[in-house]
Amino acid sequence: MAVETRPKRPIRWHIGVFLAPAVLVYTAIMILPLFGTLQLSLFRNIDQSQVFVGLGNFRTLFGDPNWSVNFWNALRNNVWFFIIHMLVQNPIGILLAALLSSPRLRFTAFYRTAIFVPTILSFVIVGFAWKLILSPIWGVAPHLMDFVGLKSFFTPWLGKEQYALTALSLISVWQFVGIPMMLIYAALLSIPDEVIEAAECDGVTGMAQFWKIKLPLILPSIGIISILTFVGNFNAFDLIYTAQGALAGPNYSTDILGTFLYRAFFGFQLQVGDPNMGAAIATIMFLIILAGVCVYLFLVQTRLRRYQF
Amino acid sequence: MKTKLLTALLLGTSILGTTGIALAEDVTLNIESWRGDDLTIWKDKLIPAFEAKNPGIKVVFAPSAPTEYDAALGAKLTAGSAGDLITCRPFDKSLELFKKGNLTDLSALPGMDNFSPVAKSAWQTDDGKASFCVPMASVIHGFIYNKDAFDKLGLKVPTTRDEFFAVLDKIKADGTYIPMAMGTKDLWEAATMGYQNIGPNYWKGEDGRAALIKGDQKLTDKDWVAPYEELAKWKPYLGDGFEAQTYPDSQNLFTLGRAAIYPAGSWEIGLFNTQAQFKMGAFPPPVEKAGDTCYISDHTDIGMGLNAASKHPDEAKKFLSWVASPDFATIYANALPGFFSLNSSPVKMEDPLAQEFVSWRGKCKSTIRSTYQILSRGTPNLENETWVESANVINGTDTPEAAAKKLQTGLDSWYKPAK
């Protein structure tokens, strides 16, 4: 057999050149700090010098009740925060997208913009505005509820242990519902008319059409949204910090991993910050998010069927 | 390596940034502070007064936001870009900076002998040998009340606890005013204006505080639980929805004339004077029986130290000596009614409300907040836990005993008093 010598490929150096800026920037501001954090979590400050303690910080975090109680509380709250987003934000987002993509709806562009606006607002504004709205003293919420005779249902939600976290989750949902809406809306628009027409020929219309034709086609988008929500929620911090402060009151009932990390890392009031414990918490957060993303990538995404049009 | 490079870069920018100023003949001193509210007072009153006497030295007051101050200052100090003069938080935050070598020992500074040992205690090493910040001001706790409201309802200023609650009952029964303006949303109001305000009368000021640090008393003792029992009784007198009432809400409720009594710190005086349209008065935390010794929280709050990396230490020391002088104390205390000079020489103040507050120093015994010295060094942090538990007690989610027990357990987990 004659050995066919392939023509030697030229070195495609332009790939490297084009990738370099992104890779360098990303490495400098994401990868290096990430490894810096991992490294920091293995050390402890003893007598003004950094001493290697292996997994000592993690043992403290999980073994010392002063830390572990707060950690599990924060994790539990964070899970609840995520559940509310999954159960409220994403279904509402899908519903809004379905309504918006209906050809008979007028002023679509207006609704789309109006619903998306909160997403681009600063957390500080959102936190402050909702604190005012829900304020029992000057807020509009008690007055509006009074108008419709529901005054007795009003309580200072943000100040009650049993309601505060749910209230904040719903505020966050209000702020971010635009994102799932936009993604799903885009996915719905990309469904070709032929498919819809074929469905109509087969007599699949209305709700049945949505459940049987459209929903399966947008499942990959819903998957992406879920994972974005997951990552976003477990990294959340801003809203709780602006609305409830770093102590995440009342009685730590709104403490999530982000605020817990903040207090440990930077300290608060008389508490002096402990960057090493903070880094340990950040590492755990990283691992939680990594695990969640892996579950999605390897278990969920591979099973999602993709349709090519 | 990476941090060194970063430090070098930041240092580089700070040097480049200041070269323009350094070329001029005058020496410029920068002050780091969290008191952005005081910017105009520094710019218009204090700095001109100093510069007039010390030609050749320019002073710039450069504040950052209170909640960011500590983190920002730490980063600037590490990077070498912090100002020459550093406004000192009391106790451990500053002690930490001194131990790290960021602050200079000022024990020998001319003017330091103008201050009593209690005044200096907030900025000293535990053994009291080295002082590293010049004490500037303290704040006093008490209650500010709406005089017009008291006159209208024919109320007398209470001196004992029974009278205090009788007054609250009358205001509540009348219904025109919310008896007391305080919320638990921001947590610290409950601890600072509540627990630390009324507490010293129960634990006998410095005696109790010292005993707690020595380990002779516990937070679960009667004297330390009793203030929580009183706080729990405050609940019915607070406004509707006080659980979500923030600190600015409380301030506004009072200055708008909707509430009659405001558990206060003297730092409110300046703001209240400009906002309230009615006459105000103040009374110290009521005692148990008429004639009992009263104790007040006269908390050392602000000091000023010298950045060890300052390029102009001599000029900065000159400034600090001036800060320690009665001249500074007079201007400062009058410009900021409610921030009382710690200077031993008495300062004449114009503001009647401030005079009322400071007059308590004569008849009551002063102490500082119980959680600040030494006891808030570990995790869980006693001060922060006190915020949470004080709010819990007022909200009724924890009993006074349970709250005290939680605090003591947390403290025991890391604090071993020297026997």
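**Figure 1. Contact between chain B and chain A.** In this predicted model, 34 residues of chain B are in contact with 26 residues of chain A. On the side of chain B that touches chain A, at least two residues each come from α3 (66-79), α4 (92-99), α11 (247-255) and α16 (382-395) of chain B. The largest share, 7 residues, belongs to α16(B). By class, this side of chain B is made up of 9 nonpolar, 13 polar and 12 charged residues.

Figure 2. G239(B) is located in the loop that runs between α10 (222-234) and α11 of chain B. Because 20 C-beta neighbours lie inside 10 Å, G239(B) counts as buried. Beyond its neighbours within four places in sequence, G239(B) is in contact with I178(B), A181(B), Q245(B), L253(B) and A259(B) and, in the other chain shown, with I137(A). P179(B) is 60 residues away from G239(B) in sequence, yet the C-alpha atoms of the two residues are 7.6 Å apart in space.

Figure 3. With 15 other C-beta atoms within 10 Å, K235(B) is partly exposed, whereas G239(B) is buried. When residues up to four places away in sequence are not counted, K235(B) touches I394(B) and G396(B). The C-alpha atoms of K235(B) and K172(B) are 12 Å apart in space, and the two residues are separated by 63 residues in sequence.

**Figure 4. Packing of α10(B) against α17(B).** The axes of α10(B) and helix α17 (residues 400-412) of chain B are 9 Å apart, and the two helices pack at an angle of about 135°. The helices are therefore oblique to each other. Their crossing is right-handed. On α10(B) the contact is made by W224(B), V225(B), Y228(B), E229(B) and A232(B), and on α17(B) by P400(B), E401(B), A403(B) and A404(B). The contact of α10(B) with α17(B) comprises 7 nonpolar, no polar and 2 charged residues.

**Figure 5. Packing of α2(B) against α14(B).** Helix α2 (residues 39-53) of chain B packs with helix α14 (residues 326-335) of chain B at an angle of about 165°, and the axes are 10 Å apart. This angle makes α2(B) roughly antiparallel to α14(B). The crossing of α2(B) and α14(B) is right-handed. From α2(B), the residues I41(B), K45(B), L46(B) and A49(B) meet I331(B), Y332(B) and A335(B) in α14(B). The contact of α2(B) with α14(B) has 6 nonpolar residues, 1 charged residue and no polar residues.

**Figure 6. Backbone geometry in the loop between α11 and α12 of chain A.** Most residues other than glycine have a negative phi, and most peptide bonds are trans. In this view, a cis peptide bond joins G249(A) and P250(A), with omega about -10°. P250(A) lies in the loop between α11 (238-244) and α12 (257-266) of chain A. A248(A) is placed in the loop between α11 and α12 of chain A and has a positive phi of about 50° although it is not a glycine. Because A248(A) has 30 C-beta neighbours inside 10 Å, it counts as buried. Y252(A) is likewise in the loop between α11 and α12 of chain A, and its phi is positive, near 60°. Y252(A) counts as partly exposed, with 18 C-beta neighbours inside 10 Å.

**Figure 7. Cis peptide bond at P380(B).** The peptide bond from T379(B) to P380(B) is cis, with omega near 0°. P380(B) is in the loop between β10 (365-367) and α16 of chain B.

Figure 8. An unreviewed UniProt entry places the feature "domain: ABC transmembrane type-1" at residues 75-298 of chain A. Over residues 75-298 the chain is 74% helix and 2% strand, and the end C-alpha atoms are 24 Å apart. The feature "transmembrane region" is listed by UniProt (unreviewed entry) for several spans of chain A, including residues 113-133 and 277-299. Residues 113-133 of chain A are 90% helix and 0% strand, with end C-alpha atoms 22 Å apart. Residues 277-299 of chain A are 100% helix and 0% strand, with end C-alpha atoms 32 Å apart.

Technical notes. Residues are numbered from 1 along each chain as its sequence is written. Chains are lettered from A and ligands numbered from 1 in the order in which they are written. This is a predicted model: local features need pLDDT of at least 70, side-chain atom pairs count only at pLDDT 80 or more; totals for chains, interfaces and linings use all residues. Axes are lines fitted to C-alpha atoms, for helices over the stretch in contact, and angles run from 0 to 180 degrees between N-to-C directions. Helices (H or I, at least four residues) and strands (E, at least two) are DSSP runs, numbered from the N terminus. Angles under 35 degrees count as roughly parallel, over 145 as roughly antiparallel, 65 to 115 as roughly perpendicular and the rest as oblique. A crossing is left-handed if the near helix is turned anticlockwise from the far one by less than a right angle, and right-handed if clockwise. Two residues are in contact if their C-beta atoms, placed from the backbone, lie within 7 Å. Ala, Val, Leu, Ile, Met, Phe, Trp, Tyr, Cys and Pro count as nonpolar, Asp, Glu, Lys and Arg as charged, and the others, Gly among them, as polar. UniProt positions are given in the numbering used here, feature names are shortened, and annotations may be inferred rather than shown by experiment. A residue is buried if 20 or more other C-beta atoms lie within 10 Å of its own, exposed if 12 or fewer, and partly exposed in between; C-beta atoms are placed from the backbone.
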